[in-house]
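Hello,

Please find the structure below. My notes follow it, starting with the contact between the chains and then turning to some of the helices.

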Amino acid sequence: MLASLAGIIERDLRLAFRRKGDVAQVLVFFVIVASLFPLGTGAEPNQLRAMGPGVVWVAALLAALLSLNRLFAADYADGSLEQMLIAAHPLAVTVAGKTIAHWLTTGLPLTLLAPLLGVQYDLPGAALGALVASLALGTPVLSLIGAVGAALTLGTRGAAVLLALLVLPLYVPVLVFGAGAVGAALAGLPHGAHLSLLGAFLVFSTVFAPWATCAALRIALD
Amino acid sequence: MSTKELDFGEHAARGEWWLRYAAPQAFFPLAGRLIPYFVVLAVVFAACGLYLGFFVAPTDFQQGEAYRIIFLHVPAAWMSMFLYVVMALWGALGFVLNTRLSGMMASAIAPTGALFTFIALWTGALWGKPTWGTWWVWDARLTSELILLFLYVGFIALKASIDDPRRADRAGAVLALVGVVNVPIIYFSVQWWNTLHQGASVSLTRSPSMATTMLWGMLLMALAAWMYAIAVCLARVRLIIREREREMAWMRELGGGE
């Protein structure tokens with residue numbers, strides 16, 4: 001089972017590596033969105049510091065959302081998803097592997113890139129640490145919940161907009177505590193509670209989201 | 001996946017007579033017979049509730065007459081949350097038992113739930129302007145109600161974008177179940193976000209000594225909203241049955257197939 005999990009992760013990573021543009025596009029989108037806000041609101045440092053955590057988090061959320069249709073759509077279109085459905089190992093292993101690979105190609109780079117944007121918003125060192133920690137815990141949740149939405153919208157009309165409509169409301173708790181952790185660190189308050197709650201979301205969604213994703217995939221390929 | 005049809009005779013023999021109503025052709029006439037009763041109940045409850053609310057209940061000494069919108073606002077807010085849970089329950093039932101009617105019921109409930117959510121938000125804004133001086137605050141309840149509206153819209157949009165009704169039903173069921181698990185999490189996270197940011201701000205809690213007539217008026221209006229929701233959902237599920245089963249022999253006999 002672990003071997004098939006590793007196999008699926010390796011396959012998806014290799015596919016992503018061969019189409020580097022897709023991965024890069026998401027990161028560039030993240031940087032552009034976060035860089036547009038000061039142009040719209042003015043570059044007063046105190047104001048930038050106040051909105052920095054929220055802006056970077058919302059930009060990360062949107063970037064993760066953009067990359068979600070990559071998760072199953074290509075495999076659905078060329079029929080390999082159907083083969084995975086009837087493979088010897090459980091479907092949950094496939095879903096877990098693809099979700100992990102998705103996080104490795106979007107969530108992880110976003111997390112690593114975020115301090116740079118934090119510096120643009122004049123965030124101090126402690127807040128940058130909190131930003132990285134909250135994104136490291138939060139972006140896997142985005143991939144896990146997003147996988148449910150991606151599976152539900154497979155083969156539907158207007159899948160991209162629909163996906164945003166389904167997934168964004170479910171991202172609210174992650175956004176609240178992710179940006180909240182950075183905000184607390186910024187105010188010099190302890191932010192351990194926020195990170196603990198993000199960790200709780202991660203555990204909770206690791207248990208339940210793949211189940212819902214499997215159910216949705218079975219419906220889509222019925 | 002095969003459609004498991006419930007065997008009428010078998011269930012009737014076991015005394016589970018009500019299970020026969022899981023079949024659309026049995027439920028269709030039953031719903032038609034039930035609708036008038038719920039309409040009458042809704043009208044009676046609404047008449048009593050509105051009379052109590054607008055003529056009997058005393059004027060609030062802080063908010064004046066403006067508070068009377070509570071008789072629409074609170075029942076709508078209650079129904080908006082209650083209907084989402086009911087919708088998810090029908091979805092779960094359909095997902096587990098694979099009955100056709102459950103998905104139709106979930107589809108029938110969604111627009112009414114979204115309507116009540118919208119009414120709660122709209123009347124809340126109308127109430128907020130004279131009492132708080134603003135149409136909208138990022139209060140925990142307001143924000144979670146808004147997100148609930150988004151969840152309803154997502155559910156309706158997902159169903160609308162899948163052509164095969166059976167597939168739409170089951171995809172909707174998964175989404176409703178994911179949503180219903182998330183609603184409390186969203187509520188508490190928004191509540192905590194709010195308290196973290198702006199401390200104790202305007203709160204929706206009213207003066208603790210609510211007059212009993214006010215309470216009765218509110219409860220009657222809530223019952224009226226409930227009965228209305230049942231009547232409208234039954235009427236809508238009849239339309240959905242007509243639409244989906246128009247090729248069936250029993251529907252053609254009813255004259256619904258043209």
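**Where chain B meets chain A**

In this predicted model, the contact between the two chains involves 29 residues of chain B and 26 residues of chain A. Together the chains bury about 2,400 Å², and 76% of that area lies on carbon and sulfur atoms. On the chain B side, the residues that lose the most area to chain A are B:Ser161, B:Arg167 and B:Trp192, which together make up 23% of what that side buries.

How many salt bridges does the rule find across the interface of chain B and chain A? The rule finds one. B:Asp163 pairs with A:Arg157 in a salt bridge, and their closest N and O atoms are 2.5 Å apart. As for polar contacts, four residue pairs are counted between chain B and chain A, with both residues at pLDDT 80 or more.

Which elements of chain B give two or more residues to the side that touches chain A? They are helix H5 (140-160) and helix H6 (165-198) of chain B. H6(B) supplies the largest share of that side, 16 residues. By residue type, the side of chain B that touches chain A has 21 nonpolar, five polar and three charged residues.

**Two helices with bends**

In chain A, helix H6 covers residues 91-120, 30 residues in total. From its first C-alpha to its last, H6(A) reaches 42 Å, close to the expected 44 Å. H6(A) also has a kink of about 40°, centred on A:Trp103. Just after H6(A) comes A:Asp122, with a positive phi of about 60°.

In chain B, helix H2 has 33 residues, running through residues 24-56. The distance from its first C-alpha to its last is 44 Å, close to the 48 Å expected. At B:Leu34, H2(B) bends by about 30°.

Regards

Notes. Residues are numbered from 1 along each chain as its sequence is written. Chains are lettered from A and ligands numbered from 1 in the order in which they are written. This is a predicted model: local features need pLDDT of at least 70, side-chain atom pairs count only at pLDDT 80 or more; totals for chains, interfaces and linings use all residues. Side-chain values use heavy atoms; hydrogens and water are left out. Contact means heavy atoms within 4.5 Å. Buried area is the accessible area (1.4 Å probe) that two parts lose on being put together, summed over both. A salt bridge is a side-chain nitrogen of Lys or Arg within 4 Å of a carboxyl oxygen of Asp or Glu. A polar contact is a pair of N or O atoms within 3.5 Å; within protein, one must be able to donate a hydrogen and the other to accept it, and residues adjacent in sequence count only if both atoms are side-chain atoms. Helices (H or I, at least four residues) and strands (E, at least two) are DSSP runs, numbered from the N terminus. Ala, Val, Leu, Ile, Met, Phe, Trp, Tyr, Cys and Pro count as nonpolar, Asp, Glu, Lys and Arg as charged, and the others, Gly among them, as polar. The expected span of a helix is 1.5 Å times one less than its number of residues. The bend at a residue is the angle between axes fitted to the seven residues ending there and the seven starting there.
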